[in-house]
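Biologist: Walk me through this one, please. Keep it brisk.

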Amino acid sequence: MSNEFEKTYGPTISSDVAYKEGTFAAWTRCNVYRESENGMFDNGGNLVFAVAPNILAPSIIETQCTFSEIGVSVEADMQLNSLEAPSYNVNQLTFTGYMGQSVTLPTINKIPIDAVVHANLPILYGYDGDKLFGLINWSCISNNVPFKQLRKNCPMDDVLRWAYRVYAVASISGMHPTKSVADTFGIPLRTASYWVKSAKERFAGSLKHESRSLFDLNKHRFENYCDIDNEEVRIASKQFIEATLKHSDGRNN
């Protein structure tokens, strides 16, 4: 083989996603394309790219959702767009009849496309320099970071880094990013907008060059089904918090 690309899978996040009065099953798979063993070019197996300081997001994901009551499965192929507010662009939607049921336009109209696109998001990886923490749980992190005390305890640069993180994660999750910063820090929307602008001016340039390979693709070719709240994720989330809050106790390194 030469100059051929193979699709290799990273972890697959599985969960039941709440929507209105019910739930639907969702699987979100991280994908990477690598050339075959004799290929002439090396894409490095890059699977994740920086969307905020110390936070990486998968470049390519596929989300499959099953609506058993409606009788349809939906697959969304998406690619990360991090030019402004990071989000996933939908490249393709595929509708398939579930359990032999036919797919009709009225049935498709019942599908909550926005919920499909944002199911299981955000999928995030934490890093600090060359150290990669692995999958992190943003809900766990946000519940354990004293956002409203950061201005008093941390240098303003660290506050702006956290504002950037909140902004990016909210954007990926389909929420209003600047309002999320305002609500999280308990500040006026106008102040939040200024913080985001300042954070982008300060840190966005360096993020363009941050990418990682999550594993050695020559050794690992598998689908690792997991939830986002297992022990490994909790440990990585704790490490992420400790690394990013290292200034709060007065240390500067």
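Biologist: Let's start with α6. Which of its residues are buried?

Modeller: Helix α6 covers residues 177-185, and its buried residues are Pro-177, Thr-178, Ser-180, Val-181, Ala-182 and Phe-185. Buried means under 20% relative accessible area, exposed means over 50%, and partly exposed is in between, using a 1.4 Å probe and protein chains only. Helices are DSSP runs of H or I with at least four residues, strands are E runs of at least two, and both are numbered from the N terminus.

Biologist: And how were these values made?

Modeller: This is a predicted model, so local features need pLDDT of at least 70 and side-chain atom pairs count only at pLDDT 80 or more, while totals for chains, interfaces and linings use all residues. Residues are numbered from 1 along each chain as its sequence is written, and side-chain values use heavy atoms, with hydrogens and water left out.

Biologist: OK. What do the buried residues of α6 pack against?

Modeller: They pack against α4 (150-153), α5 (156-172) and α7 (189-207). Contact here means heavy atoms within 4.5 Å.

Biologist: Take α5, then. At what angle do α5 and α6 cross?

Modeller: Their axes come within 8 Å and cross at roughly 130 degrees. That makes α5 oblique to α6. Axes are lines fitted to C-alpha atoms, for helices over the stretch in contact, and angles run from 0 to 180 degrees between N-to-C directions. Under 35 degrees counts as roughly parallel, over 145 as roughly antiparallel, 65 to 115 as roughly perpendicular, and the rest as oblique.

Biologist: Is that crossing left-handed or right-handed?

Modeller: The α5 and α6 crossing is right-handed. A crossing is right-handed if the near helix is turned clockwise from the far one by less than a right angle, and left-handed if anticlockwise.

Biologist: Which residues meet there?

Modeller: On the α5 side, they include Val-159, Trp-162, Ala-163 and Val-166. On the α6 side, they include Pro-177, Val-181, Thr-184 and Phe-185.

Biologist: Now α7. How is α6 set against it?

Modeller: The axes of α6 and α7 come within 8 Å and cross at roughly 115 degrees. That makes α6 roughly perpendicular to α7. This crossing is right-handed. Thr-178, Lys-179, Val-181, Ala-182 and Phe-185 in α6 meet Leu-189, Ala-192, Ser-193, Trp-195 and Val-196 in α7.

Biologist: I'm also curious about Thr-191. Where is Thr-191?

Modeller: Thr-191 is in helix α7. It is partly exposed, with a relative accessible area of 26%. The C-alpha atoms of Thr-191 and Val-181 are separated by 9.4 Å. Those two are ten residues apart along the chain.

Biologist: What comes just after α6?

Modeller: Gly-186, with a positive phi of about 70 degrees.

Biologist: Switch to the core. Which members of the largest nonpolar core touch the most others?

Modeller: Trp-138, Leu-150, Trp-162, Val-181 and Phe-185, out of 68 residues. α5 gives the most to this core, with ten residues. A nonpolar core is a set of buried Ala, Val, Leu, Ile, Met, Phe, Trp, Tyr and Cys residues joined through side-chain atoms within 4.5 Å.

Biologist: What does Trp-138 touch?

Modeller: Leaving out residues up to four places away in sequence, its contacts include Ile-55, Pro-122, Leu-124, Trp-162 and Phe-240.

Biologist: What about Asn-54, buried or exposed?

Modeller: Asn-54 is buried, with a relative accessible area of 13%. Its phi is near 70 degrees, also positive in a residue other than glycine. Asn-54 is in the loop between β3 (48-52) and β4 (55-58).

Biologist: Last one. How many helices and strands are there?

Modeller: The chain has eight helices and eleven strands. Buried residues make up 45% of its 253 residues.
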